[in-house]
Amino acid sequence: MFEILQSHFIYFWYYFEIQFRMIFGYWVIGMAVGSLISVFGKKKINQMFVSLREKKIGIWGVIPASLLGIASPLCMYGTIPIAASFAEKGLEENADFQAILAAFMMSSILLNPQILFYTAVLGTNVFLIRFFLCFLCGITAGIAVRFFFKQKKFFNFSSFYPVSDKDSDSNIILRFLKNFARNIKATGLFFLIGIILSSLFQCYVPADGFANLFGSNRGFGVLMAAAIGVPFYVCGGGTIPLLQAWLHYGMSLGSASAFMITGAAAKITNLGALKIVLGIKPFVFYLLFVFIFAFLSGFIIDLFY
């Protein structure tokens, strides 16, 4: 019995060590990049966002807003206070700016510099696809809000209580180190869990069955990937090792894309935060939009790859 357990552990450790060595550097650098932007560039990003209203570029503002959302290193619970501060200044009263705000929040939910850099471990194709889809999803979300909620309020920040800014140390080096430590602390456990799960997956899940489900069966595979994104996607960094294993065993790029979209946009923690600032109809609209966009984009990607 002991010899069987020992052989299983050695088999598991083999995959765990390979995954850890391949991904660890990307994870650490990704957290450092996010901290650098948070400490040195966050205020600039916010100023650029506010300036979009002053320039009066209308619905075209969803394009730079989506890029700014990706550039923002904040998670959902950091993005909402920023959006609430815009609302306090009366920015949500403008229909075009409501669309711009939606584009910013959507792309910010889906991606940040940390996760984008971390995604590079999955290869250039996945890196570029993830960036483009998140950028496009932000733009599309803004346009959709502008079209369907032209005469209605999509966001409601009246019941939201802003949190304090943790990057307040007067020493800029200490500010960066504290931010970096918070990023490591917030993602470290999920990073390890992701590697453990991917190692177990490579040890015990039949590769052929997985490839048939998420690889060769295009439409159904994308739909299934979009569905499992909700319960499986706990942390963006923690899912990278899983995606690496899944792609290796035959998951299509379209299925992986659908998983990354629905997982980030509809994970339980994000839905809880969004429910604070969205009413019932906007909340249902958000969920439908996310799943439709994820499925269509994943299906189209599989047509070309």
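**Cysteines, core and cavity**

Author: Let's start with Cys134, which counts as buried because its relative accessibility is 2% (buried means under 20% relative accessible area, exposed over 50%, partly exposed in between, with a 1.4 Å probe and protein chains only). Before we go on: this is a predicted model, where local features need pLDDT of at least 70, side-chain atom pairs count only at pLDDT 80 or more, and totals for chains, interfaces and linings use all residues. Residues are numbered from 1 along each chain as its sequence is written, and side-chain values use heavy atoms, with hydrogens and water left out.

Reader: How many disulfides does the structure hold?

Author: A disulfide is a pair of cysteine sulfur atoms within 2.5 Å. For Cys134, the closest cysteine sulfur is in Cys137, 7.1 Å away, so that is too far for a bond. The count of disulfides in the structure is 0.

Reader: Is Cys137 buried or exposed?

Author: Cys137 has a relative accessible area of 1%. That makes Cys137 buried.

Reader: Which residues have the most contacts inside the largest nonpolar core?

Author: A nonpolar core is a set of buried Ala, Val, Leu, Ile, Met, Phe, Trp, Tyr and Cys residues joined through side-chain atoms within 4.5 Å. The largest one here has 78 residues, and its largest share, 11 residues, comes from helix 5 (helices are DSSP runs of H or I, at least four residues, numbered from the N terminus). The residues with the most contacts inside this core are Met106 and Tyr286.

Reader: Which helix gives the largest share of the lining of the largest cavity?

Author: On a 1 Å grid over the protein atoms alone, a cavity is a set of points where a 1.4 Å probe fits but cannot get out, and lining residues have an atom within 4 Å of a point. Helix 5 (95–110), helix 7 (124–148) and helix 14 (280–304) each supply at least two lining residues. The largest share is 4 residues, and it comes from helix 5.

Reader: Which residues lie nearest the centre of that largest cavity?

Author: The lining has 14 residues. Those nearest the centre are Ala102, Met106, Ala141, Phe154 and Tyr286.

Reader: Last one: which residues is Tyr26 in contact with, leaving aside neighbours within four places in sequence?

Author: Tyr26 sits in helix 1 (residues 2–40), and its C-alpha atom is 7.7 Å from that of Ala120, 94 residues apart along the chain. Contact means heavy atoms within 4.5 Å. By that rule, Tyr26 is in contact with Phe117, Tyr118, Ala120 and Val121.

Technical notes. On a 1 Å grid over the protein atoms alone, a cavity is a set of points where a 1.4 Å probe fits but cannot get out, and a pocket is an open set with protein on both sides within 12 Å along at least five of seven lines; lining residues have an atom within 4 Å of a point.
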